[in-house]
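Good morning, and thank you for making the time. Please look at the sequence and the structure on the screen while I go through the packing, the salt bridges and the ligand surroundings.

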Amino acid sequence: MNLNHLPFNKPCLAGRELEYVAQSIKSGWISGDGAFTKKCQSLLAQRLAAPGVLLTTSCTHALEMAAILLNIKPGDEIITPSFTFVSTVNAFVLRGAKPVFCDIRPDTLNMDEARIGTLISPRTRAIVPVHYAGVGCEMDVILNHSKQHGIPVVEDNAHGLFARYRGRLLGTFGQLSTQSFHETKNISCGEGGALIINDHALIERAEILREKGTNRSRFFRGQIDKYTWVDVGSSYVPSDMLAAFLLAQLEAADQIQTRRRTVWEYYYQHLQDWAASCKVRLPVVPPHCDQAYHMFYMLLPSLEKRQAFIVHLKARSISSVFHYVPLHLSPMGLQTGETSNLCPVTEDVSNRLVRLPFYNDLTEAELERIVMAVKDFAL
Ligand SMILES: Cc1ncc(COP(=O)(O)O)c(C=O)c1O
């Protein structure tokens, strides 16, 4: 093992994870919906002022639940960015929907809200914005379209827990929103997620879908005397051991966010002048957005430079990564999506974007080493 190596991501403990996981094991309840799950859900519900929060096994599964809850069926269309993780779209394609890909804004890399109007059709059943890097999409415009056409919004908020758009927390705008607690996210339990239900009318069915299509949650609460199969569904309930780990992180959310803000600001301050002098673009955060400090990315001048940059850092034992390969150009995107829309900004950004190491425990010395290696790259 190279002790000098700086990974792109590292799971970082907030402090009480082992204690809580041990408590969970000792309690004798390690399946789902035990005391720790309930604590995580009420903490999230309180922080987000959300009527319903259900922990799930992943953000992918929360998105799948959202698609089922909205009764998405073959022939329906959803409007979604192409510049996103595959799960944003896959969840809806699984139900037979056709993704209509929306290009992104060149500044925030969020869905370009000015294009949504031209993509809406009588078959549109959901708008699915992704708050890229935890910087809010232009929700005023998106919600206007939603209201005007009666189309629900599902926010993929995998990156944006505790970030705000015009003062309002991300994840509280759509009828439904989804969170990720994957290892790479600010708050994590390895693999996990949550469905945030902002529409009261969807809460009871969401519980049923999550419990294999049964009304077991009502049975556990003593509201019925036996439970049975009442709807479609699957197994989206995480183990309470994972919820125990997650609770330790959620309770430390403010410290984690402060720490990540320090990392993000270190990069920004120390790379700002260098970037301006060599046509590298740093992240743009509009003044009306309070970001989540989820990642630090840069746009290099070309694909060739980006690839050479990753090799350059690797030679100095520093990992950096790129993403997303545009979904509209992927084999599944071409097969299932609307192919007449062009997404030139997505294609350009996908070629030039690189993400620097980002985790809570990055020390100032490590940050300094990364910044020096970055500036050492011949552009
Ligand atoms: C935008 C976005 N949506 C959804 C997901 C899926 O999250 P999970 O791994 O929790 O299923 C990710 C994962 O990185 C993501 O970046």
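I begin with Met-298. Leaving aside neighbours within four places in sequence, Met-298 is in contact with Leu-271, Trp-274, Val-280, Arg-281, Leu-282, Phe-309, Arg-352, Leu-353, Val-354, Leu-356 and Val-374. Please bear in mind that this model is predicted.

Met-298 also belongs to the largest nonpolar core, where it is among the residues with the most contacts inside that core. Helix α10 supplies the largest share, namely seven residues.

Let me turn to strand β1, residues 52-56. Five of the five residues of β1 are buried, so the strand is largely enclosed by the rest of the structure. In a regular strand, side chains alternate between the two faces of the sheet. In β1, Gly-52, Leu-54 and Thr-56 are on one side, Val-53 and Leu-55 are on the other, and both faces are covered. Which strand is joined to β1 by five bridges? The partner is β9, residues 193-197, and the two run antiparallel. Within this pairing, Leu-55 stands opposite Ala-194 of β9.

Next, the charged side chains. The structure holds 20 salt bridges, and I shall discuss some of them.

Another salt bridge is formed by the side chains of Arg-125 and Asp-76, at 3.6 Å, N to O. Arg-125 lies in strand β4, residues 124-127, while Asp-76 lies in the loop between α3 (59-69) and β2 (77-81), so this pair ties together parts that are 49 residues apart in sequence. Are these two partners buried or exposed? Arg-125 is partly exposed, with a relative accessible area of 32%. Asp-76, at 3% relative accessibility, counts as buried because the cut-off for that class is under 20%. Both residues also take part in a network of salt bridges that includes Lys-73.

The last pair I wish to show is Arg-316 with Asp-376, whose side chains meet in a salt bridge at 3.9 Å, N to O. This pair links distant parts of the chain: Arg-316 sits in the loop between α11 and α12 (331-336), Asp-376 sits in the segment after α14, and they are 60 residues apart. Arg-316 counts as partly exposed, at 35% relative accessibility.

Finally, the ligand. Which of the 15 residues around the ligand come nearest? They are Thr-60, Asp-156, His-159, Ser-180 and Lys-185. For Lys-185, a polar side-chain atom lies 2.7 Å from an oxygen atom of the ligand. For His-159, an N or O atom of the side chain is 2.9 Å from a ligand oxygen atom. The side chain of Tyr-324 also has an N or O atom 3.2 Å from an oxygen atom of the ligand.

That concludes my presentation, and I thank you for your attention.

How values were computed:
Residues are numbered from 1 along each chain as its sequence is written. This is a predicted model: local features need pLDDT of at least 70, side-chain atom pairs count only at pLDDT 80 or more; totals for chains, interfaces and linings use all residues. Side-chain values use heavy atoms; hydrogens and water are left out. A nonpolar core is a set of buried Ala, Val, Leu, Ile, Met, Phe, Trp, Tyr and Cys residues joined through side-chain atoms within 4.5 Å. Buried means under 20% relative accessible area, exposed over 50%, partly exposed in between (1.4 Å probe, protein chains only). Helices (H or I, at least four residues) and strands (E, at least two) are DSSP runs, numbered from the N terminus. Contact means heavy atoms within 4.5 Å. Two strands pair if DSSP finds at least two bridges between them. A salt bridge is a side-chain nitrogen of Lys or Arg within 4 Å of a carboxyl oxygen of Asp or Glu. A residue is near a molecule or strand if one of its heavy atoms lies within 4 Å of it. A polar contact is a pair of N or O atoms within 3.5 Å; within protein, one must be able to donate a hydrogen and the other to accept it, and residues adjacent in sequence count only if both atoms are side-chain atoms.
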